[in-house]
Amino acid sequence: MNDITAQFVDDRQLRRLKRRFGGHVVDWLSELPAVVDKLAAEWRLTVDGPATHGRTSVVLYATLADGRKGVLKLTPDSGLAVSEAAMLRMWRPTGRVPRVWALDSGHGAILMERIERDATIAETGVVPPMATIGTLVSQLHGVDVPRRRLMELRPLMARVQFVFDLWSRERNEGPAVDIVSPTAMHQGYNRARALAVGELDLAPLHGDLHPGNVLDGGPRGLVAVDPRACYGDGAVDAVDWAVWKAASVTEVERRVAELSRTMGVDGERMMEWVRAFAPCMAVAMVNRAQGHTDQFATLMELMEDTLVTGRAHAR
């Protein structure tokens, strides 16, 4: 990585991009300064510097010629950019996502508005009221979308497969290999796969609605970013919020009750989704040296429940 590219990504971001896209991402990064210069000229903007978040992309702050503050987002996977821009435009009437101002599909680049505070909920460290989260999810799911467009979205099953493939690989390559069992991963995947083929509460899903992908928009309220668009059971979009910083299974159950009530979905099914994804979230916490937390202990308890259920079904 040369000195110019280093202005856009640090070592941590480089490791993230390599994990997600492989070693060839270094070649993509080496060409990025020229691409950014081209887009800056074409879209009449000034690049102000790297943004503080972005896992599968390079995110840069920018100022347009008319003074508007924007974000320039670039990814090695142009398909992700096209899908994200389409989803954000579909959700624009809700006011709960950034406005998309321009898309260059060839370079995997999106130009969008900069949210006023631009701090993720994960960065604030404050758990919002579950009714607030439930309202955000409900508004995203409630957009009026022609059925033809819904059918163009990837099925939820594809997202489930991707998530479990990703975290199974992360488990095998990190310290979680000695803590989260392959049986737990397998049982979680089986449970998620069974849920993904359901026909209840179908909605256009964000697909990755965790606290790192929701911004505190100040007076505007919460704003969702970085969708991984798919179509399926709406209950799944609330899973991360049910467990984030939760110190007990009882707390998870309380949150699920409030989230499901606000969203108008079945609480027992949402709890099933939580148990299904618990192994993946446990792997993430161990590999990030967070295995000592109350949330991790809660995830382990939820995983054990999954294993007991799986053994009962096997009999």
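How many disulfides does a search of the whole structure find? The search finds 0. A disulfide here is a pair of cysteine sulfur atoms within 2.5 Å. Cys 230 is in no disulfide, and the nearest cysteine sulfur, that of Cys 280, is 14 Å away. Cys 230 counts as buried because its relative accessibility is 1%. Cys 280 counts as buried too, at 4%. Buried means under 20% relative accessible area, exposed means over 50%, and partly exposed lies in between (1.4 Å probe, protein chains only).

A word on the basis. This is a predicted model, in which local features need pLDDT of at least 70, side-chain atom pairs count only at pLDDT 80 or more, and totals for chains, interfaces and linings use all residues. Residues are numbered from 1 along each chain as its sequence is written, and side-chain values use heavy atoms, with hydrogens and water left out.

Now turn to the sheet. It is open, with 5 strands in the order β1-β2-β3-β5-β4 and antiparallel pairing. The edge strands, β1 (45-50) and β4 (100-104), each pair on one side only. Strands are DSSP runs of E, at least two residues long; helices are runs of H or I, at least four; numbering starts at the N terminus. Two strands pair if DSSP finds at least two bridges between them. Strands β2 (residues 58-64) and β3 (residues 69-74) share 6 bridges. In that pairing, Val 58 stands opposite Leu 74 in β3. Helix α2 (residues 25-43) packs on the sheet and touches β1, β2, β3, β4 and β5 (109-113). Contact means heavy atoms within 4.5 Å.

Next comes the interior. In soluble globular proteins, nonpolar side chains tend to be buried together. A nonpolar core is a set of buried Ala, Val, Leu, Ile, Met, Phe, Trp, Tyr and Cys residues joined through side-chain atoms within 4.5 Å. The largest one has 80 residues; Val 160, Trp 241, Trp 273 and Phe 277 touch the most other members. Helix α11 (residues 267-287) gives the most to this core, with 14 residues. Leaving out residues up to four places away in sequence, Phe 277 touches Val 160, Val 163, Phe 164, Val 236 and Val 239. Another core lies apart, with 25 residues, including Phe 8 and Trp 28.

Finish at His 141, in helix α5 (residues 130-141). His 141 counts as buried because its relative accessibility is 15%. A polar contact of 2.8 Å joins its side chain to that of Asp 237. Such a contact is a pair of N or O atoms within 3.5 Å; within protein, one must be able to donate a hydrogen and the other to accept it, and residues adjacent in sequence count only if both atoms are side-chain atoms.

Note on methods. Axes fitted to C-alpha atoms, helices over the stretch in contact; angles between N-to-C directions.
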